[in-house]
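Below are my notes on the model you sent. They are set out as numbered points, to be read with the structure open.

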Amino acid sequence: MLQVSMFEKSVTKMRLSDLMKATDSFSKNNIIGTGRTGTMFKAVLDDGRSLMVKRLQESQHSEKEFLSEMATLGNIQHRNLVPLLGFCVAKKERLLVYKYMPNGTLHDRLHSVEEGGKALEWPNRLKIGIGAARGLAWMHHSCNPRIIHRNISSKCILLDAEFEPKISDFGLARLMNPIDTHLSTFVNGEFGDLGYVAPEYARTLVATPKGDIYSFGIVLLELVTGEKPTHVSKAPEGFNGNLAEWISTLSGNSALRDAIDKSLVGKGVDGELFQFLKVACSCVVATAKERPTMFEVYQLLRAIGEKYHFTAEDDMFLPTETGDVDGLEELIVAREVQQKN
């Protein structure tokens, strides 16, 4: 019988037969989510406890490289990243075992309401935005080596029982080399999910932190508008653009407030909604260098959510690069403006 206790100290190598049994031979009924990197399954152990198993698409890694990657990933721990508990290598199979997240993906919580689900209330959406920003800021600024995610979307943000967000798939991005000028080239020119890809990627084929920030901005837009990245239900007939393009059109017409999810409006938080929307817009500007850093995004969102006490003071961290501190004075001013409004 598989014991969860064996995971507590380090990432554990596991047997394929155990994971096959726990997922009912990777049954379609156990699929939690599907992405470009592979499929996530719910796995139930003999003692009734649940895990998540990610079955990777065919990996280019040799077994030795994969094992080395697992050793690195096992040491990457943060409250807003999905904890990696174990892995399995068997012939061509590459499986990752994670802690189970009972509230599924953010994508499904936001966009499956029409299937009978309950719409997410604003405090939970704000909490998710702040927590996911904290995790991504930690990856960009405090993790060593720093990590570019390269595939941020609402599908890779999972929610625990308390709606605390946990970023997944971060280890499937190439780890940033601290001396490699912050850049990480795409493997075989692959991009992220449709609607999340920064406009400069088509030209440069190079993944950067600013590309992650663009993708994260789309997630923030999903949270505040309730719209999908590639299909905008509220857009006028004949509009064939994506969510970012729709937001850009509204902004140009000084009609940005029209983007906010109607289920959230008029409940005493309109100021917070608009401030949140403005932060999202700053992340998706077309010019990469005009986007804020992830640390700045986290600070701005944290200021909006101050009254909810989502974060403790010990959540604060400073970026490791001095260049990112330059924007703090502006952030303090922005915070004061938010408090007045």
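1. Which residues does Leu220 touch, not counting residues up to four places away in sequence? The list is Gly129, Phe276, Val279, Ala280, Cys283, Val297 and Leu301. Please keep in mind that this is a predicted model.

2. Leu220 also belongs to the largest nonpolar core, which has 81 residues. Together with Phe216, Ile247, Phe276, Leu277 and Leu301, Leu220 is among the residues that touch the most other members of that core. The helix that gives the most to this core is α4, residues 122–142, with 10 residues.

3. For the overall picture, the protein chain has 10 helices and 10 strands. It is 341 residues long, and 52% of these count as buried. Among contacts in the protein chain with a separation of 6 or more, 64% are between residues 24 or more positions apart.

4. Helix α7 spans residues 243–252, and its buried residues are Leu243, Ala244, Trp246, Ile247 and Leu250. These residues lie on the same side of α7, because the arc they cover around the axis is only 160 degrees. Which helices do the buried residues of α7 pack against? They pack against α6 (209–225) and α8 (270–283).

5. Both ends of α7 deserve a look. At its start, the backbone nitrogen of Ala244 has a side-chain oxygen of Asn242 within 3.2 Å. After the helix comes Ser254, with a positive phi near 55 degrees.

6. How are α8 and α9 arranged? Helix α9 covers residues 294–304, and it packs with α8 at an angle of about 175 degrees, the axes being 10 Å apart. The two helices are therefore roughly antiparallel, since angles over 145 degrees count as such. On the α8 side, the contact is made by Glu272, Gln275, Phe276, Val279 and Cys283. On the α9 side, Val297, Leu300, Leu301 and Ile304 take part. Phe276, Val279, Cys283, Val297 and Leu301 are also among the residues that Leu220 touches.

7. Ala303 is another residue of helix α9. Is Ala303 buried or exposed? Ala303 counts as buried because its relative accessibility is 9%, and the cut-off for buried is under 20%.

8. Asp169 sits in the loop between β8 (165–167) and β9 (184–185). Despite its place in a loop, Asp169 counts as buried, at 9% relative accessibility. Its side chain is joined to that of Lys54 by a polar contact of 3.0 Å. Leaving aside residues up to four places away in sequence, Asp169 touches Thr37, Lys54, His149 and Cys156.

9. Arg79 is also in a loop, the one between α2 (63–73) and β5 (84–90). Its relative accessible area is 36%, so Arg79 is partly exposed; that class lies between the 20% and 50% cut-offs. Where the chain is concerned, Arg79 and Pro165 are 86 residues apart, yet their C-alpha atoms are separated by 8.7 Å.

Technical notes: Residues numbered from 1 in each chain as written. Predicted model: local features only at pLDDT ≥ 70, side-chain atom pairs only at ≥ 80, totals over all residues. Heavy atoms only, no water. Core = buried A, V, L, I, M, F, W, Y, C linked by side-chain atoms within 4.5 Å. Buried < 20%, exposed > 50% of the residue type's maximum accessible area, 1.4 Å probe, protein only. Helix = DSSP H or I, 4+ residues; strand = E, 2+ residues; numbered from the N terminus. Contact = heavy atoms within 4.5 Å. Polar contact = N/O pair within 3.5 Å; in protein donor to acceptor, adjacent residues only side chain to side chain. Arc of directions from axis to C-beta. Axes fitted to C-alpha atoms, helices over the stretch in contact; angles between N-to-C directions. Parallel < 35°, antiparallel > 145°, perpendicular 65-115°, else oblique.
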